[in-house]
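Here's a quick tour of one chain, from its overall build down to a spot on its surface. Take a look at the model first.

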Amino acid sequence: MLIFVVMNKIQDQLKVKTEATRKLTQQNRKHFALNRASAGFTTELKEITFTLLSDSSEGAYLLDVDGNQYIDLTMGFGSILFGHNYAPIREAIERQLRQHWSVGPMTPLAGELATKIHEVTGVERVAFFNSGTEAVMVALRLAKAVTKKNKIVFFKGAYHGTFDTLLSLKNHPETQLAQEIVPGVTQSILNESYLLEYGHENALTFVEQHADEIAAVLVEPVQSRNPSLQPRDFLHELRSITERLNIALIFDEVICGFRIGVGGAQAFFDVKADLVTYGKVIGGGLPIGIVAGKSDYLDATDGGFWEYGDASIPKVKPTFVAGTFCHHPLAMAASLKVLELLTADNEQVLKTLNDKTEKFCQQLNAFFEEEQFPISVSYFASLFRFTTPGKLSLLYNYLLNNGVYIWEGRNCFLSPGHSDEVLSQLLQKIKQSAFEMEADGILKRKAIK
Ligand code: PMP
C-alpha cells in the first residue's frame with residue numbers, strides 16, 4: 001500500500017477512537033498553549049497530532065476521555081515507578097493532605113527526607129527543588145560558585161530538562177561550543193556550554209585541555225535516549241580527570257536515580273560524583289527535584305554546617321537558591337514513602353522490576369529478530385526504548401490504536417503494575433501492531449526467512 005494511503009487508514013481509525021481527545025484539544029487550542037499538542041507536527045499526520053487526554057489510571061492502565069483503555073508505557077515520564085494510584089503512596093499523600101499542606105514555615109518532613117537520602121545513597125547533603133530542570137540549574141550554579149569558573153560541559157544524546165544553557169543538540173566543529181538551534185535560546189547564553197561526544201576519548205582530552213575554564217561536567221550516566229550506551233571506563237576516567245583538575249562532576253540521575261538501585265548510577269558505575277540531581281521516581285508522582293552531593297558543593301547553598309551554643313559560623317559565601325514550593329509537604333510525604341518502599345526487603349521491588357524489564361525486552365528483541373523486522377528495543381533498569389528507523393515511527397500510532405500509550409518523547413517504563421498478565425497482553429499488542437504494519441506495507445522484513 002502507498003504510504004499516504006496507509007497514513008490515511010491509521011488516521012481514520014485513530015480519529016474515530018480518540019474523538020473526544022481531538023474535540024477537546026481543538027476546543028482548547030485557542031487559549032491553551034500546549035507544545036505537546038503539536039509535537040512532531042507533519043501535514044500528513046495532522047489529523048492525529050494530539051496528546052492523549054486522560055483522567056483516570058490504575059496500575060499499568062489508563063483510560064482516555066473517550067473511555068478507551070490503554071496499557072501505559074509512559075508512566076508519568078518515569079515518575080510513577082510503583083504503578084498508577086499505588087495505594088501506599090496515595091495514602092501517605094492523603095494523610096499529609098489532612099494534616100498540613102501549606103508552605104511557609106518548613107515542614108519537619110524535609111529534614112527527615114534529607115537525612116534518609118544521605119543514609120541510603122551516601123550523599124553528604126541534600127537540597128530540595130521542584131523539578132529536574134531546577135535541580136540541574138542549581139547544580140550548575142553551585143559548581144560555578146565553588147570552582148569560580150564559568151564554562152560547563154554536557155554531552156550529545158543527553159536530556160537535562162529545559163534550562164537554557166543546555167538547550168542545544170549541535171556544537172561548533174572547532175570550538176565545541178553549543179550552538180543556537182531553539183528560537184529564544186540565544187548564542188550568548190550557550191557560549192558558556194561545551195557540547196561533546198559522550199563516551200569518546202576526545203571528550204576526555206578536551207576536558208583536560210580546557211580545565212582552567214570548566215566549572216562542571218554534567219553527565220546523564222545512562223542516557224534515556226540511548227540506554228544501551230553505558231560507558232563505565234569513560235566515567236571512571238572522567239572522574240579522575242575532574243577530581244584532579246578542580247572540575248565538578250555532576251551526575252544527572254533524574255531518570256537513573258532510585259531506579260537501577262537506590263544508589264543509582266553512582267553505585268551502578270562505582271563512581272562518586274561531586275553533585276547528583278534526582279527527580280521523578282523519588283517524588284512518587286509529585287513534582288520534585290533534588291540536588292545532593294558533597295558538602296564542599298552543597299555548602300554553597302547555605303554557607304555550610306554550624307552549631308548553636310559555640311563559636312561556629314557559616315564559613316562559605318553562599319550563592320542564591322530559593323523557591324516557593326521547594327519543600328512542598330505533599331511531595332516530601334510522598335518521597336518518604338517512596339524511600340521506605342524502595343529500601344524494604346533489600347530493594348527487592350527494584351530488583352524484580354528491573355529483571356522483569358530485561359526479560360520482557362529480550363522477548364521483544366527475539367520476536368523482532370525472528371521476524372527479521374528492523375525494529376529493536378534497548379533498555380536499562382525499568383526504562384526501555386524502541387529503535388524505529390524512518391517511517392517505522394508509525395509504530396507508535398499503531399500501538400496507540402491497539403491500546404498501548406507511549407508519549408511523544410518515546411521513553412517507555414514498566415512498573416510492578418505491569419504484571420505477567422499485562423506483559424503478555426502487551427507483547428501480543430506489539431506483535432499485532434508489527435504484523436499490521438507489515439500487512440500495510442510499511443514494515444518490511446530484512447530478509448526472507
Ligand atoms: N534530567 C533528566 C536526565 C531528565 O530525564 C529530565 C526529564 N525527563 C530532566 C532532567 C528534567 O526534569 P523535569 O522534567 O522534572 O524538569
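Secondary structure in this chain comes to 15 helices and 14 strands, counted as DSSP runs numbered from the N terminus (H or I of at least four residues for helices, E of at least two for strands). Keep in mind that this is a predicted model, where local features need pLDDT of at least 70, side-chain atom pairs need 80 or more, and totals for chains, interfaces and linings use all residues. Numbering runs from 1 along each chain as its sequence is written, and side-chain values use heavy atoms, leaving out hydrogens and water.

Here are the overall values for the chain.

| Property | Value |
|---|---|
| Span of the C-alpha trace along the principal axes | about 80 × 60 × 45 Å |
| Accessible surface | about 20600 Å² |
| Carbon and sulfur share of that surface | 53% |
| Buried residues | 50% of 449 |

Accessible areas come from the Shrake-Rupley method with a 1.4 Å probe, and for residues only the protein chains shown count as cover. Buried means under 20% relative accessible area.

On to the domains: an automatic or database assignment sets the bounds, giving domain 1 (2-84 + 348-439) and domain 2 (108-327). Their C-alpha centres lie 31 Å apart, and 18 residues of domain 1 are in contact with 18 residues of domain 2 (heavy atoms within 4.5 Å).

Definitions and conventions:
Buried < 20%, exposed > 50% of the residue type's maximum accessible area, 1.4 Å probe, protein only.
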